[in-house]
Amino acid sequence: MKKYILVIAALLIASNLQAQMESEKLDHNYDEIANRIIEAAMADTTAFESLSYMCDVFGPRLSGSDNLENALDWIVEEMKKDGLINVGREPVMVPHWVRGNESWTLIFPRTANMPMLGLGGSIATPKDGITAEVLVVKSLEELRERASEAKGKIVVYNYEWQGYGKGARFRVHGAKDAAQAGAVASMLRSVSPIGMQNPHGGMMLYADSIPKIPHAAITLEDAALLQRLQDRGITPKIRLYMEAETLPDRLSANVVGEIRGTEIPKEIVALGGHIDSWDAGTGAHDDGAGCIATWKAAKLLHDLGIKPKRTIRAVMWVNEENGVRGGKQYAIDHKDEPHHLMFEFDSGCFAPTKVGYKGPDSLLYYMEQFEHLFKRIGDIEVKKGAWGVDAGPMARQNNVPLMNIGTANDDYFWYHHGPSDTIDKIDRKDFNKCVATIALAIYIYSDI
Ligand SMILES: [Zn+2]
């Protein structure tokens, strides 16, 4: 009998809990708000046009460039027109690397001019360029084994594509490894799964203790060509010419704009992307879309008269690509301000598939309750796990939860850091879905 009483008691407690959770859900019924957000985001044409305008009119936005400063000035004015408050520039000193003219030419066994991109931070070649034989290697192990052959040559890394991270290792650190082996310059197969004669740039690093040599990206096709020639016993000879230089740091800025919270305005939900880009394309996917989608998600809530409890702050972080000075400066400038969430979108603008969260499990469970609302936008899951290059410094310093949206970005590295990262690669509908997902996620989270 006792056993039955215990079972009945347990069932009563369980049903009580269930009822409590149900009422919690009822208290937070975002059904109607979700529909309004999604409908408005999907019908909108102005946010995509802003992204397109910025990419077309201001072009690429490399740190230190006039293009970047002009885009920042435009954003300040546009945010004000959008009705955001406390809009302004927050000063950040950024590095100023300039590409200049550059070229590489195959000299032996035939003559041909080839596409290339010098890597961000690289030094120039001497005025007459560097003319040398090539040593192609597939790995660092091969470079070490053949180090005696590398002296006085241009080392070319023709590694096998195994994802972005592994390829980027050769881009970021390859010049140091090649210089240690005695090479006079280094080049690498672009960090991309696909060629089409499209070189991809990005940042690279030197070490004070190792001689600095010029470092550049070439196309997949040309890296494979040099490999085939070498495999046939033909040693290719090339001429590399680069004018790249690093000028003194330049004053730039993070740009911020806010929607004031109604109940807890002191607490900040910060969301944004990085406004700087590499200089080959126009930084449409990386990360113009991340900037405009987050800023316009905030504007969408404002336009709909949906009032968040906490203050929502759009942040256009500067200099993610070659320094993360904007993200670091934001953490310094706002260290005393309570932040409820740091949201970053920098993973390519494709159909959203995930709302990722890194923070207390209880708040993850809370967000998971509303997964069905995101399913109205697309096949979107609420999942554990988020990251932030720009949002990271503040998140780590003040122990603030992080959030991202993930996208179906299988094609991202076709465009990323290359001349093909232009607005025509972004699907308008996918962009609007990203805006809807961000607006819904930050509204629900800011309402906790
Ligand atoms: Zn990026």
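Four bridges tie strand β6 (residues 154–157) to strand β7 (residues 185–189), and the two run parallel. Strands here are DSSP runs of E with at least two residues, helices are runs of H or I with at least four, and both are numbered from the N terminus; two strands pair if DSSP finds at least two bridges between them. Along this pairing, Y157 sits opposite L188 of β7. The model is a predicted one, in which local features need pLDDT of at least 70 and side-chain atom pairs count only at pLDDT 80 or more, while totals for chains, interfaces and linings use all residues. Residues are numbered from 1 along each chain as its sequence is written, and side-chain values use heavy atoms, with hydrogens and water left out.

Both strands belong to an open sheet of eight strands with mixed pairing, in the order β3-β2-β9-β5-β6-β7-β8-β4. At its edges stand β3 (112–114) and β4 (116–118), each with a single partner strand, so one side of each has no neighbour in the sheet. On average, neighbouring strands are turned by 30° against each other, direction ignored; axes are lines fitted to C-alpha atoms (for helices, over the stretch in contact), and angles between N-to-C directions run from 0 to 180 degrees. Helix α7 (residues 164–180) lies across β6, β7 and β8 (215–218), at about 165° to β7. Helix α8 (residues 220–231) packs on this sheet too, touching strands that include β2 (102–108) and β5 (130–137); contact means heavy atoms within 4.5 Å.

Then there is another open sheet of eight strands, ordered β1-β10-β12-β11-β13-β16-β14-β15, again with mixed pairing. Its edge strands, β1 (85–98) and β15 (381–384), pair on one side only, and the twist averages 20° from one strand to the next. Inside it, β11 (residues 264–274) and β12 (residues 310–317) pair in the parallel sense over eight bridges, with I264 partnered by R310 of β12.

D286 lies in helix α9 (residues 284–304) and D346 in the loop between β13 (339–344) and β14 (352–358), so the pair ties together parts 60 residues apart in sequence.
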